[in-house]
Amino acid sequence: MWRLVPIAFALSLALTYLLTPLVRKLAIRFGAVAIPRDRDVHSEPVPRWGGVSMVVAFLVTLGAIFVYTLLRNDHRHFATPWTDHQLHQFVGIFLATLLIAIVGALDDKFELSAIWQSLALAASGLILYLSGASIEGMGNPFYNAPATVHGYDPHSWIQFPEWFQAVATVIWVFGVAKTVDFIDGLDGLAAGVCAICATTLALMSAQTGQYEVTIIAAAVVGVCVGFLRFNYNPATIIMGTVGAQFLGFILAAISVVGTLKIPATVSVLLPLLVLGVPIFDGIRVVTQRAIKRTPAYLPDKTSHIHHILINKGLSVKRAVWVIYALTACLCLVALVVFHQVRH
(Lines give C-alpha, C1' and ligand atoms only; values in the text may rest on other atoms or scores of the structure.)
Protein backbone atom coordinates (compact mmCIF):
# COMPACT_ATOMS: atom_id res chain seq x y z
CA MET A 1 0.00 0.00 0.00
CA TRP A 2 2.98 2.34 0.27
CA ARG A 3 2.84 2.98 -3.46
CA LEU A 4 -0.37 4.95 -2.81
CA VAL A 5 1.61 7.62 -0.94
CA PRO A 6 3.12 9.29 -4.03
CA ILE A 7 -0.23 8.84 -5.79
CA ALA A 8 -1.97 10.73 -2.97
CA PHE A 9 0.59 13.52 -3.24
CA ALA A 10 0.39 13.79 -7.04
CA LEU A 11 -3.40 13.54 -7.23
CA SER A 12 -4.05 16.14 -4.52
CA LEU A 13 -1.48 18.48 -6.09
CA ALA A 14 -3.00 18.15 -9.56
CA LEU A 15 -6.57 18.62 -8.33
CA THR A 16 -5.66 21.70 -6.30
CA TYR A 17 -3.77 23.15 -9.26
CA LEU A 18 -6.77 22.62 -11.56
CA LEU A 19 -9.49 23.68 -9.12
CA THR A 20 -7.95 26.86 -7.71
CA PRO A 21 -8.53 29.05 -10.82
CA LEU A 22 -12.17 27.91 -10.90
CA VAL A 23 -12.62 28.63 -7.19
CA ARG A 24 -11.03 32.05 -7.70
CA LYS A 25 -13.71 32.92 -10.25
CA LEU A 26 -16.42 31.71 -7.87
CA ALA A 27 -14.98 33.79 -5.04
CA ILE A 28 -15.06 36.92 -7.18
CA ARG A 29 -18.57 36.16 -8.43
CA PHE A 30 -20.00 35.64 -4.94
CA GLY A 31 -18.04 38.42 -3.29
CA ALA A 32 -15.73 36.30 -1.13
CA VAL A 33 -12.96 38.86 -1.51
CA ALA A 34 -10.53 40.29 1.04
CA ILE A 35 -10.70 44.07 0.96
CA PRO A 36 -7.33 45.57 2.03
CA ARG A 37 -7.20 46.89 5.61
CA ASP A 38 -4.46 48.71 7.51
CA ARG A 39 -2.98 45.48 8.86
CA ASP A 40 -2.96 43.68 5.48
CA VAL A 41 0.03 43.40 3.16
CA HIS A 42 -2.12 43.52 0.03
CA SER A 43 -2.92 46.84 -1.59
CA GLU A 44 -5.57 45.40 -3.90
CA PRO A 45 -8.61 43.17 -3.20
CA VAL A 46 -7.72 39.46 -3.29
CA PRO A 47 -10.21 36.58 -3.65
CA ARG A 48 -10.60 34.27 -0.68
CA TRP A 49 -11.89 30.69 -0.73
CA GLY A 50 -8.55 29.28 -1.91
CA GLY A 51 -8.98 26.76 0.88
CA VAL A 52 -12.10 25.43 -0.84
CA SER A 53 -10.01 24.01 -3.68
CA MET A 54 -7.64 22.50 -1.11
CA VAL A 55 -10.46 20.86 0.84
CA VAL A 56 -12.14 19.47 -2.28
CA ALA A 57 -8.85 18.13 -3.64
CA PHE A 58 -8.01 16.57 -0.28
CA LEU A 59 -11.39 14.87 0.18
CA VAL A 60 -11.55 13.64 -3.42
CA THR A 61 -8.04 12.23 -3.13
CA LEU A 62 -8.77 10.37 0.09
CA GLY A 63 -12.12 9.20 -1.21
CA ALA A 64 -10.58 7.88 -4.43
CA ILE A 65 -7.82 6.04 -2.56
CA PHE A 66 -10.31 4.60 -0.09
CA VAL A 67 -12.56 3.26 -2.86
CA TYR A 68 -9.55 1.97 -4.80
CA THR A 69 -8.23 -0.01 -1.85
CA LEU A 70 -11.64 -1.55 -1.27
CA LEU A 71 -12.08 -2.51 -4.92
CA ARG A 72 -8.57 -3.97 -5.10
CA ASN A 73 -9.00 -5.94 -1.92
CA ASP A 74 -9.77 -9.30 -3.51
CA HIS A 75 -7.85 -11.19 -0.79
CA ARG A 76 -5.34 -12.34 -3.39
CA HIS A 77 -3.12 -9.28 -3.73
CA PHE A 78 -3.62 -7.29 -0.55
CA ALA A 79 -4.55 -7.82 3.05
CA THR A 80 -7.65 -6.03 4.31
CA PRO A 81 -6.66 -2.38 3.84
CA TRP A 82 -8.82 -0.76 6.53
CA THR A 83 -9.50 -2.02 10.02
CA ASP A 84 -12.73 -0.95 11.71
CA HIS A 85 -10.75 1.46 13.87
CA GLN A 86 -9.04 3.03 10.86
CA LEU A 87 -12.36 3.29 9.04
CA HIS A 88 -13.95 5.13 11.97
CA GLN A 89 -11.02 7.54 12.11
CA PHE A 90 -11.21 8.08 8.35
CA VAL A 91 -14.92 8.90 8.53
CA GLY A 92 -14.34 11.19 11.51
CA ILE A 93 -11.63 13.16 9.71
CA PHE A 94 -13.83 13.36 6.60
CA LEU A 95 -16.86 14.70 8.49
CA ALA A 96 -14.87 17.13 10.63
CA THR A 97 -13.15 18.49 7.52
CA LEU A 98 -16.52 19.11 5.88
CA LEU A 99 -17.75 20.97 8.96
CA ILE A 100 -14.68 23.19 9.12
CA ALA A 101 -14.87 23.84 5.38
CA ILE A 102 -18.52 24.91 5.47
CA VAL A 103 -18.14 27.25 8.44
CA GLY A 104 -14.84 28.59 7.08
CA ALA A 105 -16.30 29.30 3.66
CA LEU A 106 -19.23 31.12 5.25
CA ASP A 107 -16.81 33.13 7.39
CA ASP A 108 -14.79 34.14 4.33
CA LYS A 109 -17.98 35.39 2.71
CA PHE A 110 -19.93 36.90 5.63
CA GLU A 111 -17.19 37.38 8.29
CA LEU A 112 -18.96 35.41 11.00
CA SER A 113 -18.51 36.06 14.68
CA ALA A 114 -15.47 34.38 16.26
CA ILE A 115 -17.83 32.24 18.32
CA TRP A 116 -18.98 30.33 15.23
CA GLN A 117 -15.39 29.50 14.27
CA SER A 118 -14.71 28.39 17.82
CA LEU A 119 -17.79 26.18 17.93
CA ALA A 120 -16.89 24.58 14.60
CA LEU A 121 -13.35 23.81 15.75
CA ALA A 122 -14.55 22.46 19.08
CA ALA A 123 -17.10 20.27 17.30
CA SER A 124 -14.47 19.00 14.86
CA GLY A 125 -12.23 18.05 17.78
CA LEU A 126 -15.13 16.22 19.41
CA ILE A 127 -15.87 14.39 16.14
CA LEU A 128 -12.23 13.35 15.98
CA TYR A 129 -12.39 12.03 19.53
CA LEU A 130 -15.65 10.12 18.91
CA SER A 131 -14.12 8.55 15.80
CA GLY A 132 -11.42 6.92 17.93
CA ALA A 133 -8.60 9.40 17.39
CA SER A 134 -7.66 11.11 20.63
CA ILE A 135 -4.83 12.11 22.90
CA GLU A 136 -4.89 8.96 24.98
CA GLY A 137 -2.04 9.76 27.31
CA MET A 138 1.60 10.76 27.53
CA GLY A 139 4.95 9.21 28.19
CA ASN A 140 5.96 8.83 31.81
CA PRO A 141 8.74 11.40 32.35
CA PHE A 142 10.24 9.22 35.10
CA TYR A 143 10.31 5.97 33.12
CA ASN A 144 11.49 5.46 29.56
CA ALA A 145 11.51 1.82 28.53
CA PRO A 146 10.83 0.49 25.02
CA ALA A 147 7.46 -1.01 24.16
CA THR A 148 6.93 -4.70 24.79
CA VAL A 149 5.92 -7.06 22.02
CA HIS A 150 2.36 -6.89 23.30
CA GLY A 151 2.12 -3.10 23.27
CA TYR A 152 3.19 -0.30 25.57
CA ASP A 153 5.03 -1.01 28.76
CA PRO A 154 2.41 0.09 31.28
CA HIS A 155 5.08 1.79 33.37
CA SER A 156 6.21 4.00 30.47
CA TRP A 157 2.77 5.32 29.56
CA ILE A 158 0.34 7.47 31.57
CA GLN A 159 -3.20 6.77 30.37
CA PHE A 160 -5.62 9.69 30.60
CA PRO A 161 -9.22 9.17 31.72
CA GLU A 162 -11.86 9.28 28.96
CA TRP A 163 -13.18 12.73 29.84
CA PHE A 164 -9.68 14.19 29.82
CA GLN A 165 -8.93 12.56 26.45
CA ALA A 166 -11.95 14.32 24.97
CA VAL A 167 -11.02 17.70 26.46
CA ALA A 168 -7.35 17.39 25.47
CA THR A 169 -8.23 16.41 21.89
CA VAL A 170 -10.65 19.34 21.49
CA ILE A 171 -8.10 21.80 22.93
CA TRP A 172 -5.34 20.39 20.71
CA VAL A 173 -7.43 20.68 17.53
CA PHE A 174 -8.59 24.17 18.44
CA GLY A 175 -5.09 25.33 19.32
CA VAL A 176 -3.34 24.02 16.21
CA ALA A 177 -6.08 25.27 13.87
CA LYS A 178 -5.95 28.77 15.37
CA THR A 179 -2.15 28.93 15.28
CA VAL A 180 -2.14 28.08 11.57
CA ASP A 181 -4.83 30.73 11.11
CA PHE A 182 -2.58 33.19 12.96
CA ILE A 183 0.40 32.72 10.64
CA ASP A 184 -1.68 33.04 7.49
CA GLY A 185 -0.63 36.66 7.13
CA LEU A 186 1.79 36.64 4.19
CA ASP A 187 1.51 35.22 0.69
CA GLY A 188 2.52 31.56 0.71
CA LEU A 189 3.40 31.46 4.40
CA ALA A 190 0.78 29.11 5.85
CA ALA A 191 0.79 26.78 2.84
CA GLY A 192 4.57 26.44 2.86
CA VAL A 193 4.89 25.97 6.62
CA CYS A 194 2.12 23.34 6.61
CA ALA A 195 3.75 21.53 3.70
CA ILE A 196 6.99 21.25 5.67
CA CYS A 197 5.18 20.09 8.81
CA ALA A 198 3.06 17.55 6.93
CA THR A 199 6.15 16.15 5.20
CA THR A 200 7.77 15.64 8.60
CA LEU A 201 4.68 13.92 10.01
CA ALA A 202 4.55 11.73 6.90
CA LEU A 203 8.14 10.60 7.44
CA MET A 204 7.42 9.83 11.10
CA SER A 205 4.29 7.82 10.38
CA ALA A 206 6.05 5.95 7.58
CA GLN A 207 8.76 4.83 10.01
CA THR A 208 6.11 3.41 12.32
CA GLY A 209 4.35 1.56 9.49
CA GLN A 210 1.18 3.67 9.62
CA TYR A 211 0.56 3.87 5.88
CA GLU A 212 -2.94 5.34 6.23
CA VAL A 213 -1.53 8.30 8.19
CA THR A 214 1.27 8.72 5.67
CA ILE A 215 -1.27 8.83 2.82
CA ILE A 216 -3.25 11.57 4.57
CA ALA A 217 -0.09 13.58 5.26
CA ALA A 218 1.06 13.17 1.64
CA ALA A 219 -2.30 14.50 0.44
CA VAL A 220 -1.85 17.56 2.68
CA VAL A 221 1.59 18.21 1.19
CA GLY A 222 0.09 17.90 -2.28
CA VAL A 223 -2.68 20.44 -1.72
CA CYS A 224 -0.22 22.88 -0.15
CA VAL A 225 2.26 22.65 -3.03
CA GLY A 226 -0.50 22.85 -5.63
CA PHE A 227 -1.97 25.92 -3.95
CA LEU A 228 1.40 27.68 -3.69
CA ARG A 229 1.37 28.10 -7.47
CA PHE A 230 -1.33 30.74 -6.96
CA ASN A 231 -0.67 31.82 -3.37
CA TYR A 232 3.06 32.56 -3.50
CA ASN A 233 3.88 36.26 -3.57
CA PRO A 234 2.31 38.05 -5.37
CA ALA A 235 -0.75 35.94 -4.59
CA THR A 236 -3.77 35.88 -6.89
CA ILE A 237 -5.88 34.14 -4.24
CA ILE A 238 -5.61 33.50 -0.50
CA MET A 239 -6.71 30.40 1.39
CA GLY A 240 -8.90 32.29 3.84
CA THR A 241 -10.34 30.93 7.05
CA VAL A 242 -11.50 27.77 5.33
CA GLY A 243 -7.97 26.88 4.19
CA ALA A 244 -6.04 27.86 7.30
CA GLN A 245 -8.33 26.08 9.74
CA PHE A 246 -8.61 23.05 7.47
CA LEU A 247 -4.83 22.70 7.39
CA GLY A 248 -4.58 23.24 11.13
CA PHE A 249 -7.21 20.61 11.83
CA ILE A 250 -5.62 18.02 9.54
CA LEU A 251 -2.16 18.54 11.03
CA ALA A 252 -3.64 18.19 14.51
CA ALA A 253 -5.52 15.04 13.45
CA ILE A 254 -2.44 13.48 11.85
CA SER A 255 -0.37 14.02 14.97
CA VAL A 256 -3.09 12.47 17.15
CA VAL A 257 -3.65 9.46 14.88
CA GLY A 258 0.01 8.90 14.11
CA THR A 259 3.15 10.08 15.81
CA LEU A 260 1.66 10.56 19.29
CA LYS A 261 1.41 6.78 19.58
CA ILE A 262 5.11 6.07 20.09
CA PRO A 263 5.97 4.77 23.58
CA ALA A 264 8.47 7.41 24.69
CA THR A 265 8.74 10.25 27.13
CA VAL A 266 8.81 12.75 24.25
CA SER A 267 5.82 11.26 22.43
CA VAL A 268 3.55 14.22 23.18
CA LEU A 269 6.31 16.77 22.60
CA LEU A 270 7.23 15.73 19.06
CA PRO A 271 4.18 17.25 17.33
CA LEU A 272 4.74 20.40 19.39
CA LEU A 273 8.26 20.54 17.99
CA VAL A 274 7.14 19.89 14.41
CA LEU A 275 4.52 22.65 14.68
CA GLY A 276 6.82 24.75 16.82
CA VAL A 277 6.89 27.95 14.76
CA PRO A 278 3.12 28.56 14.52
CA ILE A 279 2.51 27.30 18.06
CA PHE A 280 5.26 29.44 19.61
CA ASP A 281 4.08 32.44 17.61
CA GLY A 282 0.48 31.90 18.71
CA ILE A 283 1.39 31.47 22.39
CA ARG A 284 3.61 34.55 22.34
CA VAL A 285 0.93 36.71 20.70
CA VAL A 286 -1.85 35.53 23.01
CA THR A 287 0.39 36.12 26.05
CA GLN A 288 1.27 39.64 24.91
CA ARG A 289 -2.38 40.48 24.32
CA ALA A 290 -3.36 39.05 27.70
CA ILE A 291 -0.77 41.26 29.40
CA LYS A 292 -2.09 44.28 27.49
CA ARG A 293 -5.68 43.14 28.17
CA THR A 294 -6.40 43.07 24.46
CA PRO A 295 -8.81 40.42 23.08
CA ALA A 296 -6.76 37.53 21.68
CA TYR A 297 -8.92 37.19 18.58
CA LEU A 298 -8.37 40.76 17.39
CA PRO A 299 -5.78 40.88 14.57
CA ASP A 300 -3.07 43.51 14.21
CA LYS A 301 0.02 44.26 12.15
CA THR A 302 2.79 44.12 14.76
CA SER A 303 2.46 41.02 16.96
CA HIS A 304 3.23 38.00 14.82
CA ILE A 305 6.66 36.83 13.75
CA HIS A 306 5.98 37.66 10.11
CA HIS A 307 4.96 41.18 11.14
CA ILE A 308 8.20 41.59 13.07
CA LEU A 309 10.30 40.47 10.09
CA ILE A 310 8.43 42.79 7.72
CA ASN A 311 8.78 45.71 10.12
CA LYS A 312 12.53 45.08 10.27
CA GLY A 313 12.73 45.70 6.54
CA LEU A 314 12.51 42.23 5.01
CA SER A 315 10.48 41.77 1.86
CA VAL A 316 7.46 39.47 1.94
CA LYS A 317 9.36 36.74 0.10
CA ARG A 318 12.40 36.94 2.37
CA ALA A 319 10.28 36.96 5.52
CA VAL A 320 8.43 33.89 4.27
CA TRP A 321 11.65 32.04 3.53
CA VAL A 322 13.09 32.89 6.96
CA ILE A 323 10.04 31.29 8.57
CA TYR A 324 10.28 28.33 6.17
CA ALA A 325 13.88 27.84 7.31
CA LEU A 326 12.95 28.05 11.01
CA THR A 327 10.18 25.50 10.48
CA ALA A 328 12.49 23.17 8.56
CA CYS A 329 15.11 23.34 11.32
CA LEU A 330 12.62 22.45 14.04
CA CYS A 331 11.22 19.63 11.92
CA LEU A 332 14.73 18.30 11.34
CA VAL A 333 15.35 18.30 15.09
CA ALA A 334 12.05 16.48 15.60
CA LEU A 335 13.04 13.83 13.06
CA VAL A 336 16.41 13.31 14.75
CA VAL A 337 14.76 12.98 18.17
CA PHE A 338 12.13 10.65 16.72
CA HIS A 339 14.83 8.44 15.19
CA GLN A 340 16.79 8.31 18.44
CA VAL A 341 13.71 7.46 20.47
CA ARG A 342 12.74 4.58 18.19
CA HIS A 343 16.25 3.14 18.28
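Modeller: Start with a helix pair. This is a predicted model. The axes of helix H6 (residues 189-207) and helix H7 (residues 211-231) come within 8 Å and cross at roughly 160°.

Biologist: Why are H6 and H7 called roughly antiparallel?

Modeller: Angles over 145 degrees count as roughly antiparallel. H6 and H7 cross at roughly 160°. H6 and H7 are therefore roughly antiparallel to each other. The crossing of H6 past H7 is left-handed.

Biologist: Which residues make the contact of H6 and H7?

Modeller: From H6 come Ala191, Gly192, Cys194, Ala195, Ala198, Thr199, Ala202, Ser205 and Ala206. From H7 come Val213, Thr214, Ala217, Val220, Val221, Cys224, Phe227, Leu228 and Asn231. By class, the contact of H6 with H7 has 13 nonpolar and five polar residues, and no charged ones.

Biologist: What makes H3 and H8 roughly antiparallel?

Modeller: Again the angle. Helix H3 (residues 84-110) and helix H8 (residues 240-257) pack at about 160°, with axes 7 Å apart. The cut-off is over 145 degrees. H3 and H8 are therefore roughly antiparallel to each other. The crossing of H3 and H8 is right-handed.

Biologist: Which residues of H3 and H8 form that contact?

Modeller: H3 gives Gln89, Ile93, Ala96, Thr97, Ile100, Ala101, Gly104, Ala105, Asp107 and Asp108. H8 gives Gly240, Thr241, Val242, Gln245, Phe246, Phe249, Ile250, Ala253 and Val257. The contact of H3 with H8 divides into 11 nonpolar, six polar and two charged residues.

Biologist: Which members of the largest nonpolar core touch the most other members?

Modeller: Phe58, Leu247, Phe249 and Ile250, out of 83 residues. The largest share of this core, 14 residues, comes from H7. Apart from that core lies another, of five residues, among them Val23, Ala27, Ala32 and Trp49.

Biologist: What does Phe249 touch, leaving out residues up to four places away in sequence?

Modeller: Phe249 touches Ile93, Ala96, Thr97, Ile100, Ser124, Leu128, Val173 and Ala177.

Biologist: How do you know whether Trp49 is buried or exposed?

Modeller: Buried means under 20% relative accessible area. Trp49 has 15% relative accessibility, so Trp49 counts as buried. Trp49 sits in the loop between strand S2 (46-47) and H2.

Biologist: What makes the backbone of Trp49 worth a remark?

Modeller: Most residues other than glycine have a negative phi. Trp49 is not a glycine, yet has a positive phi of about 70°. Glu111 also belongs here: its phi is positive, about 55°, although it is not a glycine.

Biologist: Where is Glu111, and is it buried or exposed?

Modeller: Glu111 lies in the loop between H3 and helix H4 (114-130). The cut-off for exposed is over 50%. Glu111 reaches 52% relative accessibility, so Glu111 counts as exposed.

Biologist: What kind of peptide bond joins Asn233 and Pro234?

Modeller: A cis bond, with omega of about 0°. Most peptide bonds are trans. Pro234 is placed in the loop between H7 and H8.

Biologist: Why is Ser53 called buried?

Modeller: Ser53 has 1% relative accessibility, so Ser53 counts as buried. The limit is under 20%. Ser53 lies in helix H2 (residues 50-72). Leaving out residues up to four places away in sequence, Ser53 touches Thr16, Leu19, Thr20, Val23 and Phe227. Ser53 and Ser12 are 41 residues apart in sequence and 9.9 Å apart in space, C-alpha to C-alpha.

Biologist: What does the chain as a whole come to?

Modeller: The chain has 12 helices and four strands. Of its 343 residues, 49% count as buried. Among contacts between residues at least 6 apart in sequence, 75% join residues at least 24 apart.

Notes: Residues numbered from 1 in each chain as written. Predicted model: local features only at pLDDT ≥ 70, side-chain atom pairs only at ≥ 80, totals over all residues. Heavy atoms only, no water. Axes fitted to C-alpha atoms, helices over the stretch in contact; angles between N-to-C directions. Helix = DSSP H or I, 4+ residues; strand = E, 2+ residues; numbered from the N terminus. Parallel < 35°, antiparallel > 145°, perpendicular 65-115°, else oblique. Left-handed = near helix turned anticlockwise from the far one by under 90°. Contact = heavy atoms within 4.5 Å. Nonpolar A, V, L, I, M, F, W, Y, C, P; charged D, E, K, R; others polar. Core = buried A, V, L, I, M, F, W, Y, C linked by side-chain atoms within 4.5 Å. Buried < 20%, exposed > 50% of the residue type's maximum accessible area, 1.4 Å probe, protein only.
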